[in-house]
Amino acid sequence: MKKFLFALLLLLGGFAAPAQDTFDYQTASKLVFDHYNHNDYGPIYQRYSPERKASMSLQQNMEYFMGLKHQVGNVVGVQLAGMGQGAATYIVTFERGTLQCMLALNRVREISGLEFAAYNPPSPYGSPYGQPQPYGNQNPYQSPYGNQNPYGQNPYGNQNPYGGNPYANQNPYGQNPYGQNPSGGQSPYGQPVNVPFSLRLPLASTSVVMSPANPAECHPSQRAAIDLMQVDKSGNARRGRRNDLYDYVGYGSGVYAPCDGVVALVIDGVPDNPLGQNNPAAPLGNCVVIQTPQGLFLVLAHLQRSIKVQTGQPITHGTLMGFCGNSGESVEPHVHMHIQDRPDFNTALGVPCVFDRLVVNGTSRSGYSPAPGEVVKNALF
């Protein structure tokens, strides 16, 4: 990741724990980053609000920070980027990268929000949507709080970005919200459409498409998403021998880059959920976000820990990303894949996943976006 000149640089090295009656954003950020650098995550957790503690256990909090440390190392500098809507935004320089951090305090000065996300420098390809504005008042990666705003105030005014349609009267699949559809077709479900760029399935073996069954219920960035569950030659996802993750045919299978691009974000260190449980504190789980040469963003989520690529790494299709897991908001092993038109999850629109060549229910298809329930695998060229 590129390094940037900072207007305000706070060099970390021995911040004292703040007093209760003076716990403001400056002391809160010092506490977080100093204890992070010293691998002492308990004091950070103790400052969380009851709502945040309810969404993330002390163990999950520790594993999250350990995964972050493994990926990017210690903090070496912090830039205050802005204040607004009850939250402070920082550009945090680590030993091996730069991330954006959003820190929120509630009215009683507890940490109600603490999220790290990709810091988006100008695209190496040049984005068709202009330079991203990653700060503002919105989290560029999905909130672990569902529809509840951890900052107390609703940054969307009276409009619910998940309930009502935030795109006025436009239906992302009825009317075309992209202007010119980059896929060239009308409906992404079961309809042959023109391939916008070379795209392959992320799993090498036969899989069944599980979702979305009802795109209208999904966040707009994921309304063209597909969830893939690997199956055996008989079409079974489970072996039927045990009642845990290892009973699934696809658990631990390799997950490969569906396209060329640059790794825009890696989230690692999130443990797999026991079968039937999920983790709303980290919705995507372990994931990789790839920026394509066209300026789109492809997301692969719910992987196992130990992602095999790093932020900023150029990749080609077929590069090993990691392994199929059950992390994040996932109750059984599968791979979530979606493409969105910009890095901000809250404002992005989903782009149909259109594959070069597939075998769909035994029939070869070209330039195709599969529908829920279809059995698919990559076709040989």
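1. A word on terms before we start: Ala, Val, Leu, Ile, Met, Phe, Trp, Tyr, Cys and Pro count as nonpolar, Asp, Glu, Lys and Arg as charged, and the others, Gly among them, as polar. Please also keep in mind that this is a predicted model.

2. With those classes in hand, take the second largest cavity. Its lining divides into six nonpolar residues, two polar and no charged. The residues in question are Met56, Gln60, Tyr64, Val270, Pro271, Asn279, Ala281 and Ala282. The volume of this cavity is about 60 Å³, and the search of the whole structure finds three cavities of 30 Å³ or more.

3. Next, strand β13, which spans residues 335–340. Six of its six residues are buried, so β13 is largely enclosed by the rest of the structure. In a regular strand the side chains alternate between the two faces of the sheet. Here both faces are covered: Val335, Met337 and Ile339 are buried on one side, and His336, His338 and Gln340 are buried on the other.

4. Leucine 298 stands opposite isoleucine 339, and isoleucine 339 in turn stands opposite valine 351 of β14. Ile339 is also among the buried residues of β13.

Terms used:
Residues are numbered from 1 along each chain as its sequence is written. This is a predicted model: local features need pLDDT of at least 70, side-chain atom pairs count only at pLDDT 80 or more; totals for chains, interfaces and linings use all residues. Side-chain values use heavy atoms; hydrogens and water are left out. On a 1 Å grid over the protein atoms alone, a cavity is a set of points where a 1.4 Å probe fits but cannot get out, and a pocket is an open set with protein on both sides within 12 Å along at least five of seven lines; lining residues have an atom within 4 Å of a point. Grid points are joined across faces, edges and corners, and a volume is the space filled by probe spheres set on the points. Buried means under 20% relative accessible area, exposed over 50%, partly exposed in between (1.4 Å probe, protein chains only). Helices (H or I, at least four residues) and strands (E, at least two) are DSSP runs, numbered from the N terminus. Two strands pair if DSSP finds at least two bridges between them.
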